[in-house]
Amino acid sequence: LLILCSCMGCLLNYSIFLCTMNNSALTTTIVGVLKGVLSTVLGFFLLGGVKFNLLNVLGISMNTVGGVMYTIVKYKRKALEMKKANGKDLEASIPLMRKEAK
């Protein structure tokens, strides 16, 4: 079990390294937020030991919404800085967000 956990940890760190090398640090942050949300939700329902009540759900929801809002604000600031710096739109540089004419 220890060897398996060690290998999984190394694989996780390597995947974060590859994500940062091939994308921006901001993309890595967004992926990290999504991973945290998924881990929290899965842990809450699958691991048990936590009583399901309104206060717990409210706390997890507030934490998730806060993380998503923070990431959106950082993304918009980064896009504005990039546009001011070199006149290039950040969304135009991301292949999935390009607005292509049909």
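Predicted model: local features only at pLDDT ≥ 70, side-chain atom pairs only at ≥ 80, totals over all residues.
**Helix α2 and the cysteines**

Let me begin with the helix itself. Helix α2 covers residues 25-46, a run of 22 residues. At 1.5 Å a residue it should span 32 Å, and its end C-alpha atoms lie 31 Å apart, which agrees with that expectation.

Where do the buried residues of α2 fall, seen down the axis of the helix? They sit within an arc of 145°, so they line one face of α2. The buried residues in this helix are Leu26, Thr28 and Phe44.

I turn now to the opposite side. On the face of α2 directed away from the buried side, we find the exposed residues Leu34, Leu38, Phe45 and Leu46. Just after the helix comes Gly48, which adopts a positive phi of about 70°.

My second topic is the cysteines. How many disulfides does the structure hold? The number is zero. Cys10, for one, takes part in no disulfide: the nearest cysteine sulfur belongs to Cys7 and is 6.6 Å away, whereas a disulfide requires the two sulfur atoms to be within 2.5 Å.

Is Cys10 buried or exposed? Its relative accessibility is 55%, and because the cut-off for exposed is over 50%, Cys10 counts as exposed. Cys19, by contrast, has a relative accessibility of 17%; the limit for buried is under 20%, so Cys19 counts as buried.

How values were computed
Residues numbered from 1 in each chain as written. Heavy atoms only, no water. Buried < 20%, exposed > 50% of the residue type's maximum accessible area, 1.4 Å probe, protein only. Helix = DSSP H or I, 4+ residues; strand = E, 2+ residues; numbered from the N terminus. Expected span 1.5 Å × (residues − 1). Arc of directions from axis to C-beta.
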